[in-house]
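User: I'd like to learn how to read a structure like this one. Can you walk me through it, starting with the fold and ending with the aromatic rings?
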Amino acid sequence: QVQLVESGGGLVQAGGSLRLSCAASGRTFRSFATGWFRQAPGKEREFVAGITYSGGSTYYADSVKGRFTISRDNAKNMLYLQMNSLKPEDTAVYYCAADRKAWIDYVRTAVDSFGSWGQGTQVTVSS
């Protein structure tokens, strides 16, 4: 199993930017597709962005497409989410996660497809 720790959340004004980071432990990180999810108060956890184990393919929720960019550095065991043009509706706790299955060269979006989760980092966007 992969251990994940997020950082980089905070308070930002609408239109601003933040970069989230996710540090992974374990040599197997590079074997798994990974993703970012978010959960706002009173709402279910939702998929935000995902990237294949090789980094060759990415996939985004429609709500963030064109504003967020996911990337990974397998040499450093790191996952990133660059968030630009932030909106108040982006306010949530953001989680990084690793897929349950290794060596899948496509992005899955269902919460229960991911077996390793970080503790989450709060992102608050003020209007």
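User: How many helices and strands does the protein chain have?

Analyst: Keep in mind that this is a predicted model. The protein chain has eleven strands and zero helices. Its radius of gyration is 13 Å, close to the 14 Å from the globule rule for 127 residues, so the chain is as compact as a globular protein of that length.

User: What share of the residues is buried?

Analyst: Buried residues account for 48% of the 127. As for contacts between residues at least 6 apart in sequence, 61% of them join residues at least 24 apart.

User: Now the rings. What describes an aromatic pair?

Analyst: You look at the distance of the centres and the angle of the planes. In this chain the count comes to seven aromatic pairs. Take Phe37 and Phe47: the ring centres are 5.6 Å apart and the planes sit at 80°, so this pair is edge-to-face. Phe37 belongs to strand E4 and Phe47 to strand E5, so the pair ties together parts ten residues apart in sequence.

User: Are those two buried or exposed?

Analyst: Phe37 is buried, at 0% relative accessible area. Phe47 counts as buried too, at 12%. Phe47 also pairs with Tyr59: their centres are 6.0 Å apart with planes at 35°, so that pair is tilted. This second pair links strand E5 with strand E6, the two residues being twelve apart. Tyr59 itself is partly exposed, with 44% relative accessibility.

Key:
Residues numbered from 1 in each chain as written. Predicted model: local features only at pLDDT ≥ 70, side-chain atom pairs only at ≥ 80, totals over all residues. Heavy atoms only, no water. Helix = DSSP H or I, 4+ residues; strand = E, 2+ residues; numbered from the N terminus. Rg over C-alpha atoms; globule rule 2.2 N^0.38 Å. Buried < 20%, exposed > 50% of the residue type's maximum accessible area, 1.4 Å probe, protein only. Contact = heavy atoms within 4.5 Å. Phe/Tyr/Trp six-rings, centres within 6.5 Å; stacked < 30°, edge-to-face > 60°.
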